Amino acid sequence: MTNGEAMRTLTRRGMLGLGAGAAAAVSLAGCGGLTGSDGSTHADGSRGDGHGPGRKPEPTRTARPIGDGSTSFTGKQPHQPDAPVPLEPGQTPPQFVVFSWDGAGEVGNGLFPRFLDLAKEHGASMTFFLSGLYLLPESKKRLYDPPNNPRGASDIGYLTDDHIKDTLKNIRRAWLEGHEIGTHFNGHFCAGSGSVGNWTPKQWRSEIDQAKAFVKQWRTHTGWTDLPSLPFDYDKELVGSRTPCLLGQDNLLPVARELGWRYDASSPGGRQTWPVKKQGIWDLPLQQIPFPGRSFEVLSMDYNMLANQSLNSTKAPAHNYPAWREQSAQAYISGFKRAYETNRAPFFIGNHFEQWNGGIYMDAVEEALKHIAREKEKGGDVRLVSFRQFTDWLDVQKPEVLDRLRTLDVGQEPAGGWKRLTGGAA
């Protein structure tokens with residue numbers, strides 16, 4: 001397959017070619033396609049990895065309302081790992097794995113609670129990049145003034161009232177179970193003059209202020225006073241993002257730094273190496289990983305798997321699904337194994353709550369998470385964490401040790417072993 005064949009456009013929300021590795025570098029551009037039926041939740045929030053299962057439920061938390069009561073301060077977030085410590089001289093780094101979700105809207109298909117249940121079962125924390133518009137009723141859409149686009153416009157549409165309520169329920173549950181709530185901003189504009197790739201820092205600030213307002217004022221915008229508040233202060237909770245379509249990071253970062261954010265996960269075409277800071281912010285990109293049976297690598301996200309399997313169709317002929325599902329699962333597993341067995345670079349996976357091609361990409365993510373969790377359960381130092389938790393770990397490491405880790409290329413083991421590399425031996 002040529003680069004041109006591999007990089008075909010996917011509809012008006014089509015994908016951006018990122019260069020390296022042929023179709024590998026096709027980036028995310030759409031967050032739609034959500035349909036289905038409701039799912040259940042758990043009440044206690046107990047989890048593994050030192051936090052449960054079997055742990056007693058959290059006591060009732062006293063909430064101090066913020067603003068109109070859409071959010072509230074409820075104290076320290078539960079189910080967090082122990083405070084991170086620097087690597088000891090000669091220590092092998094942990095294998096960090098971050099599963100993240102763009103949009104994070106629950107539309108009755110049960111995918112949000114499905115993966116919360118899976119995370120609880122295996123002691124995993126995740127990051128949910130919430131689209132602010134998913135908490136704004138369509139009847140109030142003119143409250144959204146997107147840069148370079150008509151007022152109320154959105155390339156991902158608006159949720160029904162019932163689906164907003166489902167999203168609120170699952171975001172609340174996610175935070176109480178130890179997951180991170182980041183932002184995917186609002187209208188998800190990928191193309192044309194209104195694309196997020198063209199926004200100035202001032203326009204990014206407007207988009208961020210609006211995304212936060214939709215989370216912090218959902219009660220005012222909906223009129224619903226009988227639903228519980230979100231149990232966190234979003235101004236303090238929000239420390240990282242992923243931009244729509246993986247576009248516009250350069251102009252976003254100065255604003256992120258001013259706001260005190262700690263990381264951004266928007267870089268396109270990242271590699272499985274140890275991260276660096278960009279403009280003072282940790283740059284945590286989606287990564288190119290092996291794509292079984294193909295000569296190129298693929299970006300570690302469901303949309304990119306689909307682009308290289310069914311091109312511009314989210315409902316391809318079903319006879320393809322078993323092979324594509326396995327190819328996608330093995331891509332994630334291969335990416336994990338390559339890092340775990342060599343340079344221990346953190347592994348970042350991004351997805352959407354979608355049902356493309358019969359839901360095969362959701363099944364692939366579940367298979368991969370279970371495979372990775374088994375390595376942890378066998379005694380490996382594998383940590384399924386959120387971006388925020390990983391950033392906490394990075395921030396306590398000695399700069400010289402991180403510099404040594406960055407000398408390792410993709411799939412490269414440390415010459416002389418980890419004791420030599422992290423111990424600083426000559």
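**Entry 1: Leu246 and its loop**

I began with Leu246, which I placed in the loop between strand 6 and helix 7, taking helices (H or I, at least four residues) and strands (E, at least two) as DSSP runs numbered from the N terminus. The model is a predicted one, in which local features need pLDDT of at least 70 and side-chain atom pairs count only at pLDDT 80 or more, while totals for chains, interfaces and linings use all residues. I number residues from 1 along each chain as its sequence is written, and side-chain values use heavy atoms, with hydrogens and water left out.

Phi of Leu246 is near 60 degrees, a positive value in a residue other than glycine. I noted this because most residues other than glycine have a negative phi. Leu246 is buried, with a relative accessible area of 3%; buried means under 20% relative accessible area, exposed over 50%, and partly exposed in between, with a 1.4 Å probe and protein chains only.

**Entry 2: the disulfide**

I then looked for disulfides, meaning pairs of cysteine sulfur atoms within 2.5 Å, and the structure holds 1. It joins Cys190 to Cys245, with an S to S distance of 2.0 Å. The pair links distant parts of the chain, 55 residues apart, with Cys190 in the loop between strand 5 (180–183) and helix 4 (201–216) and Cys245 in the loop between strand 6 (240–241) and helix 7 (249–258).

His188 is found in the loop between strand 5 and helix 4, and I recorded a positive phi of about 60 degrees for His188 although it is not a glycine. His188 is buried too, its relative accessible area being 3%.

**Entry 3: Ser266**

What does Ser266 touch, not counting residues up to four places away in sequence? With contact meaning heavy atoms within 4.5 Å, I found Ser241, Arg242, Thr243, Leu246 and Gln249. Ser266 itself is in the loop between strand 7 (263–264) and strand 8 (277–278), and at 0% relative accessibility it counts as buried.

I next checked its polar contacts, each a pair of N or O atoms within 3.5 Å, where within protein one must be able to donate a hydrogen and the other to accept it, and where residues adjacent in sequence count only if both atoms are side-chain atoms. The side chain of Ser266 reaches the backbone nitrogen of Thr243 at 2.7 Å, and a polar contact of 2.8 Å joins the side chains of Ser266 and Asp264.

**Entry 4: Lys212**

Leaving aside its neighbours within four places in sequence, Lys212 is in contact with Tyr234, Asp235 and Leu238. From Lys212 to Asn186, 26 residues apart in sequence, the C-alpha to C-alpha distance is 9.7 Å.

Asn308 sits in helix 8 (residues 302–309) and is buried, with a relative accessible area of 6%. A polar atom of the side chain of Asn308 lies 2.9 Å from the backbone oxygen of Asn304. The backbone oxygen of Asn308 is reached by the side chain of Arg294 at 3.3 Å. Arg294 lies in the loop between strand 10 (288–290) and strand 11 (297–299), and I noted Arg294 as partly exposed, with a relative accessible area of 29%. The C-alpha atoms of Arg294 and Asn308, 14 residues apart along the chain, are separated by 9.8 Å.

**Entry 5: the whole chain**

I counted 13 helices and 13 strands in the protein, and buried residues make up 58% of its 426 residues. Of the contacts in the protein with a separation of 6 or more, 75% are between residues 24 or more positions apart.
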